[in-house]
Amino acid sequence: MSTTVERVSHRAAEAIPGPTGARRLGYRRRERVYQWLFLLPAAAYLVLFFGYPVVKNVLMSFQDYSTSTFYTGEAPWVGFANYASVLSSSLFSTSLINTALFTAGSIAGQFVLGLGLAVFFKQRFPLNGILRSLLLLPWLLPLIVSSAVWRWILDKDSGALNNFLESLGLISTGIPWLTSTSLALAAVVGVNIWIGIPFNVTVLYGGLQDIPDELYEAAALDGATGWRAFRHVTWPMLRPVVSVVLVLGVVYTLKVLDIILGLTNGGPANSTQTIATQSYALSFQDFKFGEGAAMGNVLVLISLVFAVLYLRVNRRAVDE
Amino acid sequence: MLFPVYWMINASLQPNGATLQTSWLPLSPDFSGYATAIREQGRNLATSLVVALGSVLFSLAIAAPAAYALAYFKVRGAGVVLFAILISQMIPGIVVANALYTAYNDLGLLNSIPGLILADSSHGIPFAILIMRAFMNNMPASVIEAAKVDGAGHLRAFWSIVLPLSRNALITAGLFTFLFTWSDFLFALTLTTTDAVRPVTLGIFQYMGAYVNDWSSVMATAVLASIPAIILLIAAQKYVAAGTTGGAVK
């Protein structure tokens with residue numbers, strides 16, 4: 001596309017009556033100025049609201065940046081002290097394990113259920129379109145709304161889930177879904193799966209639509225239907241989309257904060273504390289901005305690994 | 001899948017204080033939860049609306065020219081900008097908030113509507129650039145060419161040809177930017193410290209923070225805060241479909 005435009009501007013340059021070399025040069029320079037005028041505001045925004053925070057966080061992580069900094073303006077350099085105290089705290093391993101469990105559990109659940117629903121919706125049946133768009137609702141609701149609703153559903157004494165289980169006679173006393181250290185993380189993962197299913201369904205459904213019907217017809221002639229067709233046609237054809245969904249899912253899940261803060265606030269007894277919530281707590285509850293920044297940078301490093309993976313996968317998906 | 005949404009609406013219509021047993025159907029709907037919600041959260045809802053609309057205008061004004069430049073010109077460094085956009089979507093919000101808090105504190109932007117609009121646009125701008133660029137890539141170059149032959153400059157061509165033709169992409173990007181900003185919680189939580197400027201997401205969070213004994217008003221606020229998403233789903237079906245698939249993979 002851009003090469004076409006280049007050609008267009010050449011032609012436009014030639015259309016100017018009697019173009020001399022100097023005038024054409026001036027024209028092209030003016031073109032460049034215009035191009036940058038269009039791009040500059042966005043570039044400036046990206047630098048100020050993404051570039052600056054990343055650099056600032058690296059700097060802050062080496063400083064003793066606390067509430068007094070806001071009065072005195074002084075933030076002494078402390079080298080790796082913030083990293084040392086953050087990484088050596090017993091909370092770090094808890095947060096790291098919780099982050100891994102939260103991410104792996106959420107992704108696995110969202111993906112399997114999302115793929116199942118996407119395959120289901122590939123069949124033609126009445127109300128297919130309407131049901132598919134209704135399914136998007138959990139994804140479009142503000143996350144804090146979803147956590148409020150789920151907190152109410154999962155409430156120990158008056159929540160709908162326990163009421164339902166009690167009315168079936170399955171339990172006699174309410175289960176403390178969100179207030180027991182052994183269940184809270186699983187409950188939070190469950191809610192996050194619910195939130196992530198629509199995204200997985202939509203993207204995987206789009207990928208399924210792109211698989212030509214002829215492939216299934218040919219497979220059927222060879223005797224491959226049902227599960228075998230899925231294994232030998234659907235899955236290999238869907239692989240590029242699958243990789244993108246999984247890697248994007250991981251990157252988005254790593255930084256989830258709203259749901260956990262809304263449901264459990266990291267508790268009980270830090271059983272749902274992740275690196276992201278821990279970074280928030282350090283900065284905005286303990287006002288140790290330096291340590292919060294150090295924790296945030298750990299998260300950036302982990303995300304970066306998956307970001308590189310994403311870019312490689314994405315490039316391959318585009319090339320194919 | 002939709003039970004929680006149903007439960008939210010059902011619970012919002014129950015009489016106040018009915019915490020112990022909530023019936024499965026709102027047989028005698030009671031709107032006092034909504035009355036409380038509007039009385040206590042009305043101001044926050046208005047704040048959210050102003051911030052979200054401001055962010056839509058700001059994001060489109062920044063993103064549309066950039067998308068055009070990336071789609072049409074062979075700018076040196078366009079690849080770098082695209083790469084930066086992809087990477088920017090992976091930076092955790094808490095990292096951005098951490099740095100912005102200190103900068104906002106120096107600049108006096110804490111607890112201000114412009115401050116929130118600027119920060120919240122970080123959800124919308126990368127998405128809007130990607131989705132509008134994907135759309136403009138498919139726009140025939142001959143249209144621009146024709147305008148140029150007629151003597152229109154870049155600004156004219158952009159304003160009176162490219163923008164009207166990209167209407168659908170602009171609407172999609174605008175709707176999602178609105179929703180992203182409306183739903184924002186992290187910046188509301190970190191960049192506001194008083195109740196002078198308080199989006200409704202933070203209002204709900206604070207409702208939940210204390211011991212909740214009035215779930216019907218919390219749920220009523222939740223329903224009110226969900227209205228943009230519900231309207232979007234009903235009124236703008238095809239834009240939603242375009243947004244979910246377009247922004248995710250490309």
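I take buried area as the accessible area (1.4 Å probe) that two parts lose on being put together, summed over both. This is a predicted model, so I keep to the rules that local features need pLDDT of at least 70 and side-chain atom pairs count only at pLDDT 80 or more, while totals for chains, interfaces and linings use all residues. Residues are numbered from 1 along each chain as written, chains are lettered from A in the order written, and side-chain values use heavy atoms without hydrogens or water.

**Chain contact.** I find about 8,100 Å² buried between chain A and chain B, 77% of it on carbon and sulfur atoms. I looked up salt bridges (a Lys or Arg side-chain nitrogen within 4 Å of an Asp or Glu carboxyl oxygen) and got 0 between chain A and chain B. The contact (heavy atoms within 4.5 Å) takes 83 residues from chain A and 90 residues from chain B.

**B:A119.** I place B:A119 in helix α5 (residues 113-137) of chain B; helices here are DSSP runs of H or I, at least four residues, numbered from the N terminus. Beyond four places in sequence, B:A119 contacts residues including A:Y45, A:F49 and B:L191.

Technical notes: Helices (H or I, at least four residues) and strands (E, at least two) are DSSP runs, numbered from the N terminus.
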